[in-house]
Amino acid sequence: MQEFRGKSVIDKIAMGEVKVFKNKKTEVKKTLIEDVSLEIVRLEEGLKASTDQLSKLYKKALESVSENDAEIFEVHKMMLEDDGFLNAIKDRIKEENVCAEYAVECAKSEYAKLFANMDDEYMQARATDVKDVSDRLINNLLNKGEGDFELKKPSVIVAYDLSPSETVSLDKSKILGILTVKGSTNSHTAILARTMGVAAIVSADFNLENVKDGETIILDGFESKAIYEPDDSLISLYKEKLEKQSKDLESLKSFIGKETITKTGKKINLFANIGAPSDLPSVLSNDAEGIGLFRSEFLYIGKTEAPSEEEQFNAYKEVLEKMGDKPVIIRTLDIGADKKADYLGLKDEENPAMGLRAIRLCLTNKDIFKTQLRALLRASEYGNLHIMYPMITSGSELDKIDVIYKEVLNDVKPKKLPKIGIMIETPAAAIISDKLAKRVDFFSIGTNDLTQYTLAMDRQGENLDEFFDPHHEAVLQLIRITIDNAHKEGIWAGICGELAADESLTHEFIKMGVDELSVSPAKLLDLRKAIISES
Ligand code: PEP
Ligand code: MG
């Protein structure tokens with residue numbers, strides 16, 4: 001039995017079998033080799049294993065999807081046969097006496113940059129394929145297999161780290177909990193775990209190599225610890241705790257159908273945060289009064305190309321239809337920082353959290369933005385759509401958005417117009433919220449980024465948790481200013497960052513006059529209970 005201490009993402013307990021998640025992406029070390037010809041043989045073997053896998057994948061895709069979709073595996077095979085690419089790898093092995101995987105990693109970076117800098121959009125998107133196929137080759141060279149991961153039964157995922165795209169690719173119905181060596185409680189991976197309502201401990205002190213598939217593990221989110229191979233007495237203790245947990249959850253059900261209103265009669269709109277239509281069952285079963293934040297970027301990440309207009313339209317329509325006449329706030333693409341999509345071919349930045357992300361990216365890649373706006377406006381007639389723009393810092397950004405929005409509007413001519421709002425998640429936006437309030441229908445305060453930018457502290461920073469303080473008076477003051485300014489202009493203001501679910505602040509938020517709180521589906525009934533008991 002071993003105990004690993006970490007940081008808890010959610011007050012929840014889980015117990016089950018371990019399933020170790022092997023990241024596809026492998027850290028490649030530069031190792032010097034003695035025998036070049038042996039290394040070339042190793043490389044040839046890796047290449048053969050990779051092309052064999054690709055041929056199988058091509059055949060499988062032909063049977064299960066379309067020829068068009070299968071084509072990509074042929075393209076990958078061709079890349080592995082390309083003389084330029086192969087020579088770049090071989091020359092490095094010969095000239096620098098380095099191991100094959102390191103030579104592949106170098107060729108991968110060179111070629112991915114080359115593609116990303118091309119003018120043609122199709123060629124830019126090939127940067128992702130170079131990375132994909134190179135990672136496959138590296139995995140084979142390191143005998144890591146294809147790196148594919150399949151959950152056969154409900155398990156506790158144990159990983160070194162999980163990126164948001166890896167997390168979204170997991171089968172949510174089979175995740176009991178998540179335990180990682182890396183990670184911060186404010187990252188999007190942590191947010192996804194909260195949305196799923198599963199126990200999660202990040203930044204835990206354990207060695208992944210010592211953890212084996214199939215062993216029993218307990219995650220205790222209340223005590224921020226994991227217990228690996230617990231003894232019988234602990235197993236029975238946690239069985240009791242799990243029973244109590246389900247009873248508590250069951251008793252919260254009595255709040256379903258109740259109005260979210262304080263004892264003094266103040267109505268709070270209690271909405272849910274989601275990342276995909278697949279989150280809807282828990283939104284509905286936990287009786288959300290609307291969707292306060294649909295992080296649309298999760299439709300874009302973990303893919304090899306951007307979702308088409310049709311794919312997006314179907315996702316938005318599904319959410320709108322299932323929510324009936326309840327408000328649905330869909331945030332436009334907020335990619336950047338920890339949320340990445342290789343196919344966009346974005347250049348690496350020194351400070352991605354302060355880089356070309358969210359609305360800035362959309363205003364520089366107008367085609368992507370227009371496709372999303374088209375899909376949204378087409379879907380508008382199926383429900384109560386609210387469009388929300390992320391990371392706004394100025395009125396001039398709104399001017400630029402307006403030009404594009406009007407162009408798309410004229411083209412689509414929707415039967416029903418959506419309401420338009422912005423996220424207040426930069427100090428700049430909060431400070432000029434008096435002016436911004438004149439231009440939109442609502443505000444939603446993103447306390448995760450607002451804290452990050454107000455305190456000048458990376459929300460991903462693993463060593464910053466003791467300093468990262470969303471309760472900081474400066475953050476609360478900006479929230480207060482934003483709500484006041486919204487009300488002065490007769491618009492409503494909500495909070496959709498993680499702070500919305502922090503019950504120690506519910507009283508304060510109500511006093512500030514907040515109109516809406518949007519939280520992960522698993523927190524809805526807890527929060528309704530807290531609001532109802534507020535006086
Ligand atoms: C926020 O910043 O508070 C927010 C809700 O957006 P995200 O967490 O997706 O950046
Ligand atoms: Mg944000």
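Trainee: Where does ligand 1 sit?

Mentor: In this predicted model, ligand 1 sits in the largest cavity. A cavity is a set of points, on a 1 Å grid over the protein atoms alone, where a 1.4 Å probe fits but cannot get out; a molecule sits there if more than half of its atoms lie within 2 Å of the grid points. Residues are numbered from 1 along each chain, with chains lettered from A and ligands numbered from 1 as written. Local features need pLDDT of at least 70, side-chain atom pairs need 80 or more, and totals for chains, interfaces and linings use all residues, while side-chain values use heavy atoms, without hydrogens and water.

Trainee: Which residues are closest to ligand 1?

Mentor: Of the 16 residues that surround ligand 1 (a heavy atom within 4 Å), the closest are Arg-295, Arg-331, Gly-446, Asn-448 and Arg-459.

Trainee: How much of the accessible area of ligand 1 does the protein cover?

Mentor: The protein covers 100% of the 290 Å² that ligand 1 has on its own, by the Shrake-Rupley method with a 1.4 Å probe.

Trainee: Which element gives the most to the shell around ligand 1?

Mentor: That is α16, with three residues. At least two residues each come from α7 (188-196), β10 (291-295) and α16 (447-455); helices are DSSP runs of H or I with at least four residues, strands runs of E with at least two. The shell holds four nonpolar, five polar and seven charged residues.

Trainee: Why is the phi of Ser-203 worth noting?

Mentor: Most residues other than glycine have a negative phi. Ser-203, in the loop between β6 (199-202) and β7 (216-220), has a positive phi near 55°. Asp-287, in the loop between α9 (280-285) and β10, has a positive phi near 60°.

Notes:
On a 1 Å grid over the protein atoms alone, a cavity is a set of points where a 1.4 Å probe fits but cannot get out, and a pocket is an open set with protein on both sides within 12 Å along at least five of seven lines; lining residues have an atom within 4 Å of a point. Ala, Val, Leu, Ile, Met, Phe, Trp, Tyr, Cys and Pro count as nonpolar, Asp, Glu, Lys and Arg as charged, and the others, Gly among them, as polar.
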